[in-house]
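The model is shown first.

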Amino acid sequence: MKRIVTILLLLVCAAAGAVRWLDVMYYTDLATGFVTWGSYLWRYALAGGVLVLLWLAGWMMPKTSASLKGQSAAQGLVALVCGVGFAALGGVYLAAFDQLGRFELALAALYLVSGVWMLLLGRSRFTPEFEAPTGSALFGIAGTLALYLLTIKRFGLAPTGIVRVNTTLEALAALAALLFCTAQLKTAYIPGCKSARWVWLSGMGAFALCTCLALPSTVWSWMQGQSELRSMVEGVCLALVGLMGAVYAFTVSGEKKRV
């Protein structure tokens, strides 16, 4: 039953993403992020409605999950893909080394660290028994620092505002990715911790915001020549984190509820 609910909610998120694609293509000013038809509040109602459904469904999910304690090829594969993506993102940043400020240089270096961390995380999910990705959680914490900086960048440095739907959703996507990766980090080092429900909720939230709602504006802006390549790759990497969240949520939802 829980897995069926998860599948249905994944489809709801995908449907919301399809609506968002159409909205970005036809009813959004890419240069400013303002909507050109209807109220911007309807866009937030769509995102908020999906998140409320996820929050309500999260209460029926298990607190612990065997899929977080041992081998999970699905989790490992998507983590490896994310690792390659973040490593490539760091490379795209460094390709424009002469144009980067200190903040962007720090972000580029941390993206490379994130790539290595996710590759190690992916490898650990293929082992028959539980195995931490590294000997110390400090490297895992370092692997999430890029998302901290990205969240600060999108909330504090970008021209955000409630009427700028694109930039606001992109900022929320960075925060959602950070929350999921932080939850994922805990389960990677503490076997049997009662975090499966939070992993499910944060993973589904990351899928909804990063993959379904924020990616359309990122890709469409790049296709229309309104953004740089690294911004597009950055959005794709967050979408991969959202996909990883969906995979984690799907595997966790197969467990019987334990209190």
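## Basis

This is a predicted model: local features need pLDDT of at least 70, side-chain atom pairs count only at pLDDT 80 or more, and totals for chains, interfaces and linings use all residues. Residues are numbered from 1 along each chain as its sequence is written, and side-chain values use heavy atoms, with hydrogens and water left out.

Helices (H or I, at least four residues) and strands (E, at least two) are DSSP runs, numbered from the N terminus. Buried means under 20% relative accessible area, exposed over 50%, and partly exposed in between (1.4 Å probe, protein chains only).

## Nonpolar core

A nonpolar core is a set of buried Ala, Val, Leu, Ile, Met, Phe, Trp, Tyr and Cys residues joined through side-chain atoms within 4.5 Å. The largest one here has 68 residues. Those with the most contacts inside it are Leu54, Phe86, Tyr111, Met118, Phe180, Trp200 and Met244. Eight helices each supply at least two residues: H1 (2-27), H2 (40-58), H3 (73-95), H4 (102-124), H5 (137-157), H6 (165-189), H7 (196-223) and H8 (229-252). H6 gives the largest share, 13 residues.

Contact means heavy atoms within 4.5 Å. Leaving aside neighbours within four places in sequence, Tyr111 is in contact with Phe86, Ala87, Leu89, Gly90, Tyr93, Ala146, Leu150 and Glu234.

## Helix H3

H3 has 23 residues. From its first C-alpha to its last it reaches 33 Å, close to the 33 Å expected at 1.5 Å a residue. That expected span is 1.5 Å times one less than the number of residues.

The buried residues of H3 include Gly76, Cys82, Phe86, Leu89 and Tyr93. Among the elements covering the buried residues of H3 are H4, H5 and H8.

## Salt bridges

A salt bridge is a side-chain nitrogen of Lys or Arg within 4 Å of a carboxyl oxygen of Asp or Glu. The count comes to 5. Glu131 pairs with Arg123, the closest N and O atoms being 2.9 Å apart. Glu131 is partly exposed at 32% relative accessible area, and Arg123 is partly exposed at 37%.

Asp23 and Arg20 meet at 2.9 Å, N to O. Both lie in H1, 3 residues apart, about one turn of the helix. Asp23 is buried at 9%, and Arg20 is buried at 4%. Glu228 and Arg230 meet at 3.3 Å, N to O. Glu228 is partly exposed at 42%, while Arg230 is buried at 17%. Salt bridges that share partners join Arg20, Asp23 and Arg43 into one network.

## Pockets and cavities

On a 1 Å grid over the protein atoms alone, a cavity is a set of points where a 1.4 Å probe fits but cannot get out; a pocket is an open set with protein on both sides within 12 Å along at least five of seven lines; lining residues have an atom within 4 Å of a point. Grid points are joined across faces, edges and corners, and a volume is the space filled by probe spheres set on the points.

The second largest pocket holds about 290 Å³. Of its 16 lining residues, the closest to the centre are Leu51, Ala176, Leu179, Gly205 and Leu209. H2, H6 and H7 each give two or more residues to this lining. H7 gives the most, with 6 residues.

There are 3 cavities of 30 Å³ or more. The largest cavity holds about 70 Å³. Its lining includes Gln75, Glu131, Gln184 and Tyr248. H6 gives the most to this lining, with 3 residues.
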